[in-house]
Each structure stands twice: as structure tokens, then as C-alpha cells.
Amino acid sequence: MSAPHTDVEQVEAANTAFYEALERGDFEELSSFWLTPADLGVDETYHDPADVGVVSCVHPGWPVLTGRGEVLRSYALIMANTDYIQFFLTDVHVSVTGDTALVTCTENILSGGPAPEGGEELGPLVGQLVVATNVFRRTPEGWKLWSHHASPVLAENGEEEDEETPS
């Protein structure tokens, strides 16, 4: 595959790489995808990084997390408690305006926790459907995440409503 040339291709590649780092449990690489105060030209000696270009994250069912430290701690926690995770991204749409990009997608997630009773195999695999919005900002080092917001998609129960009305 050739290197991405357009902004849309670069953003889509950054988005994919972010999910791949999460799948591998590569915390250092995952961290590199998030904006830092330096990416925004902020000298942390004079400015509180929490006040400038705050990154944010909402995981399904979690409250909003703000600030790079809090966001990265959440990913460390997820990685520490998930033995297996795989994302199949569908419905990916990328929109770029100037130095900001918006990615919407559906995360089809397959995950597994620790083996029950200390067994050697993974615990049961669980599937989950989540819609996500990822906001990226252009930096000298490439596109970096500014915000991630993911919400679960409610599953249909498959039962049809009884259309008969009582008499």
C-alpha cells in the first residue's frame, strides 16, 4: 500500500493506526496519537496544559474524561483488564476542514477477558456494537486525536410487537 497523500487518507490512516495500537495493547504508541500541549505550541512552564486544547474522551457508559493524563489512564485501565480486543471498523466517514478532521465510524468490537478460574484460554468472547466520533487536529508530526466519543448501539431484541389490539 502506498503512503497516504490527501488529508482524508492521512486522517483515515491515523484513525486506523490508533485502533490497531489499542488492539495490540501498545500503550506507548496509543499515547502518541493523542495531542500534547507541545503539539498546540503551548509552553507548559507558563501555561497549565489542562487549560489549553484539552483532550477529551467518552467510553461507552463512562463519564466524560478531560485532560491527557485522565484520558491515557483510562486506556491503561482498559488494556490492563482486557486480554483480547479487536475492532472491525465499518461506516467510516472522514471530513477535513483546515487543521481539524472529524471521523465517524461504527466499532464492531470483539473482546475477551481473563480465563475463568485461572485457565489458560481466554474467557468468553463478547461482541459489542459502538458508534464513535474521533476529532483530530493537524500537528507538525501528523494528525493527532483531540477527542474520542463512543456510545453503545442498543441491540434490537428481535421480538416483533403484537399488532393486535385488545377487544
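Reader: What should I know about the ground rules?

Author: This is a predicted model, where local features need pLDDT of at least 70, side-chain atom pairs count only at pLDDT 80 or more, and totals for chains, interfaces and linings use all residues. Residues are numbered from 1 along each chain as its sequence is written, and side-chain values use heavy atoms, with hydrogens and water left out.

Reader: What elements are there in the protein chain, and in which order do they run?

Author: The protein chain has 3 helices and 6 strands. Here helices (H or I, at least four residues) and strands (E, at least two) are DSSP runs, numbered from the N terminus. Their order from the N terminus is α-α-β-β-α-β-β-β-β.

Reader: How many aromatic pairs are there, by which rule?

Author: Rings of Phe, Tyr and Trp (its six-membered ring) pair if their centres lie within 6.5 Å; planes under 30 degrees apart count as stacked, over 60 as edge-to-face and the rest as tilted. By this rule the count is 5 aromatic pairs.

Reader: Why is the pair of Phe 18 and Tyr 19 called edge-to-face?

Author: Their ring centres are 5.2 Å apart and their planes stand at 70°, so the pair is edge-to-face. Phe 18 also pairs edge-to-face with Trp 34, at 6.3 Å centre to centre and 80° between the planes.

Reader: What makes the pair of Phe 18 and Trp 34 a tie between parts of the chain?

Author: Phe 18 lies in helix H1 (residues 7-24) and Trp 34 in the loop between helix H2 (27-32) and strand S1 (56-58), so the pair ties together parts that are 16 residues apart in sequence. Ring pairs also link Phe 18, Tyr 19, Trp 34, Tyr 75 and Phe 87 into a cluster.

Reader: How do you know that Phe 18 and Tyr 19 are buried?

Author: Buried means under 20% relative accessible area, exposed over 50%, partly exposed in between (1.4 Å probe, protein chains only). Phe 18 has 1%, so Phe 18 is buried; Tyr 19 has 3%, so Tyr 19 is buried too. Trp 34 is buried as well. Across the protein chain, buried residues make up 31% of the 167 residues.

Reader: What does Phe 18 touch?

Author: Contact means heavy atoms within 4.5 Å. Not counting residues up to four places away in sequence, Phe 18 touches Leu 30, Phe 33, Trp 34, Tyr 75 and Leu 145.

Reader: Which residues touch the most other members of the largest nonpolar core?

Author: A nonpolar core is a set of buried Ala, Val, Leu, Ile, Met, Phe, Trp, Tyr and Cys residues joined through side-chain atoms within 4.5 Å. Of the 31 residues in the largest one, those touching the most other members are Val 11, Phe 18, Leu 30, Trp 34, Val 71, Tyr 75 and Phe 136. H1, H3, S3, S4, S5 and S6 each supply at least two residues of this core, and H1 gives the most, with 7 residues.

Reader: What do the buried residues of H1 pack against?

Author: They pack against H2, helix H3 (68-80), S3, S4, S5 and S6.

Reader: What makes Lys 144 and Asp 39 a salt bridge?

Author: A salt bridge is a side-chain nitrogen of Lys or Arg within 4 Å of a carboxyl oxygen of Asp or Glu. Lys 144 and Asp 39 meet at 3.2 Å, N to O, in a salt bridge. The pair links distant parts of the chain: Lys 144 is in strand S6 (residues 142-152) and Asp 39 in the loop between H2 and S1, 105 residues apart. At 11% relative accessibility Lys 144 counts as buried, and at 13% so does Asp 39.

Reader: Why is Asp 99 called partly exposed?

Author: Its relative accessibility is 45%, so Asp 99 counts as partly exposed. Arg 138, at 32%, is partly exposed too. Asp 99 and Arg 138 form a salt bridge whose closest N and O atoms are 2.7 Å apart. Salt bridges that share partners join Asp 7, Asp 99 and Arg 138 into one network.

Reader: How many salt bridges does the structure hold?

Author: There are 4 salt bridges. Another one of them joins Glu 29 to Arg 24, with the closest N and O atoms 2.3 Å apart.
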